[in-house]
Amino acid sequence: MTASPRPWPTAAPQQPTYAPAPAAPQMPAIELDERSSNAVSLIAERGSGGPSDLTRAFGSSGPTWSRVLSNLAAQGIVTKVGQKYQLTGIGRTLV
């Protein structure tokens, strides 16, 4: 007994189904208090700035502005270059 050849399938092959690609992660909204906003604005305007620049422009003490700049650096908004701070890519999106 010989086996009869099997005919080709008549139905079209099914396309594989894929799960949708995950959405790109969204950056959380960054909200700045007044001092942080002033610091970002001054650095954006001048290209760089430090606590003494901020004290001359807005008052308050050097240590206050040092804390503000350290907090902004911790959030990735500014980076310290020498004695001054500059905006990062994230910081530039806030201006």
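Two strands are taken to pair if DSSP finds at least two bridges between them. In the predicted model described here, strand β1 (residues 78-81) is joined to β2 by four bridges, and the two strands run antiparallel. Within this pairing, Lys 80 has Tyr 85 of β2 as its bridge partner. The hairpin formed by β1 and β2 has two residues between the strands, and Gly 82 in this hairpin adopts a positive phi near 70°.

The largest nonpolar core comprises 13 residues, of which Ala 39, Ile 43, Leu 54, Leu 69, Leu 72 and Val 78 touch the most other members. At least two residues of this core are supplied by each of α1 (34-46), α3 (62-74) and β2 (84-87). When neighbours within four places in sequence are set aside, the contacts of Val 78 include Ile 43, Leu 69, Leu 72 and Ala 73, together with Tyr 85, Gln 86, Leu 87 and Thr 88.

The packing of the helices was examined next. The axes of α1 and α3 lie 10 Å apart and form an angle of about 80°; since angles of 65 to 115 degrees count as roughly perpendicular, the two helices are therefore assigned to that class. On the α1 side, the contact involves Arg 35, Ser 36, Asn 38, Ala 39, Val 40 and Ile 43, which meet Thr 64, Trp 65, Val 68, Leu 69 and Leu 72 of α3. Sorted by class, the residues of this contact between α1 and α3 are seven nonpolar, three polar and one charged.

The contact of α1 with α2 consists of five nonpolar residues, one polar residue and two charged residues.

The loop between α2 and α3 contains Ser 60. The phi of Ser 60 is near 65°, a positive value in a residue other than glycine. With a relative accessibility of 38%, Ser 60 is classed as partly exposed, because this category spans the values between the buried limit of under 20% and the exposed limit of over 50%.

Terms used
Residues are numbered from 1 along each chain as its sequence is written. This is a predicted model: local features need pLDDT of at least 70, side-chain atom pairs count only at pLDDT 80 or more; totals for chains, interfaces and linings use all residues. Side-chain values use heavy atoms; hydrogens and water are left out. A nonpolar core is a set of buried Ala, Val, Leu, Ile, Met, Phe, Trp, Tyr and Cys residues joined through side-chain atoms within 4.5 Å. Buried means under 20% relative accessible area, exposed over 50%, partly exposed in between (1.4 Å probe, protein chains only). Contact means heavy atoms within 4.5 Å. Axes are lines fitted to C-alpha atoms, for helices over the stretch in contact, and angles run from 0 to 180 degrees between N-to-C directions. Angles under 35 degrees count as roughly parallel, over 145 as roughly antiparallel, 65 to 115 as roughly perpendicular and the rest as oblique. Ala, Val, Leu, Ile, Met, Phe, Trp, Tyr, Cys and Pro count as nonpolar, Asp, Glu, Lys and Arg as charged, and the others, Gly among them, as polar.
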